[in-house]
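Subject: Structure handover

Hello,

Here is the structure for your files.

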Amino acid sequence: MTLVPLLLALEFGEADPDLAERLKRREPQAMADLYDRYGRLAYSVILRIVRDSEMAEDLVQETFIRIWSRSQAFDSKKGALGPWLLAVARNRAIDYLRSVDGRMARSSYELVEMENPALFANLESQVIASDQASRIREALSKLNASQRNVIELAYFEGLSQTEMAEKLGQPLGTIKTWVRTALKNLRDQLGVVASA
Amino acid sequence: MNCSELAGDYELYALGVLEEPDRGELREHLSRNCQVCTAEVRRAAVRVSALSSLAPEAELPKDLRKRVLASVGIHPQFRWNWMQTWATIAACAVLGMFWVEHLRRERIREVALQDAMQQVKQSEEVLALLNSPETIVRVSSEGAAQPPQGKVFLNPKRGVLLLASNLPPAPAGKIYEMWVIPAGGAPIPAGLFQTETNGTGVHLQKGPIDVASTGAIAVTLEAAGGAPQPTSQPIIVTPLKNG
């Protein structure tokens with residue numbers, strides 16, 4: 001699991017708002033710092049999704065280009081830069097996965113929505129700070145095999161609950177229960193982030 | 001649906017797995033700038049990002065950083081630092097040492113080659129002298145067992161060849177000098193030579209020689225640079241008149 005680099009990326013070094021502000025000013029070093037902080041995490045997530053190192057490299061490149069080009073729209077004061085970058089990385093990879101699977105039409109709209117930098121604005125603190133490391137670990141450890149499986153199918157393969165039901169040969173209701181329980185665990189453990 | 005009824009859908013929406021009609025309901029709230037739903041979806045999106053920690057940790061490809069930065073028009077500049085400076089100096093020093101050693105070995109090889117060629121040339125000259133029908137042979141101190149002996153080959157056109165035996169190497173600061181002694185005349189220097197540890201020595205004094213007027217060939221021990229006239233008693237004397 002990439003928990004340690006995730007936490008290191010978010011905990012040490014300058015705060016995300018400073019980095020986001022420098023990105024908005026188009027400082028070249030800011031891009032280098034962004035890559036140094038999140039590059040490995042983004043690559044790990046993308047590689048897990050597409051399972052092709054060459055394609056993962058292309059998608060990491062695409063992710064950082066997108067962040068660079070859209071950083072003007074990002075709220076550098078209260079935005080959560082890491083989660084935004086991870087959302088872009090994940091969505092680029094799932095978008096690719098769907099294109100090769102012929103699932104392009106489905107759900108592509110909400111993927112784009114989830115990349116919107118405004119979605120990661122007004123979050124006064126980083127949700128995944130070091131004091132929440134144990135919470136993340138605990139939340140993930142509380143998932144049973146089925147719950148973890150559906151969460152991974154959703155997060156890393158971008159499958160809808162209906163597609164998961166077909167893939168796993170389980171009733172849709174069962175899949176929904178697994179997914180909701182898993183996400184409730186995540187919510188309960190991570191709690192509510194700072195007020196909007 | 002009201003906001004509380006949508007509360008369970010925020011993570012599903014953020015995860016991208018919320019299906020119709022629930023997705024449409026939530027999207028409608030968001031499009032109406034519902035403050036509650038907007039805030040909750042934002043929080044859910046950040047929570048969902050924590051699922052990235054389920055991905056196995058992968059090693060970043062080495063060149064990817066450069067590639068990513070180049071793709072947005074950033075080309076990392078080369079920064080010279082002390083570590084690189086010292087590393088460069090050390091590398092140059094090592095290369096310099098290798099180069100000097102290489103030159104030294106080349107020089108040794110060159111000298112050895114020149115020596116070998118000189119020996120071959122001298123051997124050819126010795127053989128030419130020995131094979132010439134005009135060459136005469138004289139031996140010094142014939143019959144004596146231990147004293148240094150000299151066998152002399154004289155050729156009027158090629159010169160004098162001395163084969164010495166029982167002649168220990170000259171001590172430090174000394175050298176053997178050969179003399180051509182005309183009948184009734186003063187000795188003429190005929191070159192310096194050293195012998196081997198087994199007491200043998202070969203010396204060729206090239207150039208024409210008047211055999212008829214030569215009374216003897218002699219060898220003396222002289223100072224390292226040689227002498228214009230003998231300064232010691234001859235160690236080898238080979239008279240020519242007796243042949």
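The notes below cover the basis of the model, then chain A, then parts of chain B.

This is a predicted model, in which local features need pLDDT of at least 70, side-chain atom pairs count only at pLDDT 80 or more, and totals for chains, interfaces and linings use all residues. Residues are numbered from 1 along each chain as its sequence is written, chains are lettered from A and ligands numbered from 1 in the order in which they are written, and side-chain values use heavy atoms, with hydrogens and water left out.

The model has an ipTM of 0.80 and a pTM of 0.57. For chain B the mean pLDDT (the predictor's confidence in each residue, from 0 to 100) is 87, and 95% of its residues reach 70 or more.

Chain A

Chain A has ten helices and zero strands; helices are DSSP runs of H or I with at least four residues, strands are runs of E with at least two, and both are numbered from the N terminus. Its pattern along the sequence is α-α-α-α-α-α-α-α-α-α. Of its 196 residues, 55% are buried (buried is under 20% relative accessible area, exposed over 50%, partly exposed in between, with a 1.4 Å probe and protein chains only). Taking contacts (heavy atoms within 4.5 Å) with a separation of 6 or more in chain A, 67% are between residues 24 or more positions apart. The chain exposes about 8000 Å², and carbon and sulfur atoms supply 50% of that; areas are from the Shrake-Rupley method with a 1.4 Å probe, and for residues only the protein chains shown count as cover.

Chain B: strands

Strand S3(B), residues 159-165, has five of its seven residues buried. It pairs with two strands (pairing takes at least two DSSP bridges). With S2(B), residues 149-155, the pairing is antiparallel over seven bridges, and three residues lie between the two strands of this hairpin. Gln149(B) stands opposite Ser165(B) here. With S6(B), residues 201-206, the pairing of S3(B) is also antiparallel, over six bridges, and Leu161(B) stands opposite Leu204(B).

Chain B: surface patch

Trp82(B), Trp86(B) and Ile89(B) make a nonpolar surface patch of about 420 Å². Patch residues have over 30% relative accessible area and no salt bridge, with like charges joined within 9 Å and nonpolar side chains (Val, Leu, Ile, Met, Phe, Trp, Tyr) within 5 Å; a salt bridge is a side-chain nitrogen of Lys or Arg within 4 Å of a carboxyl oxygen of Asp or Glu. Trp86(B) belongs to helix H6(B), residues 82-131, and counts as exposed because its relative accessibility is 55%.

Regards
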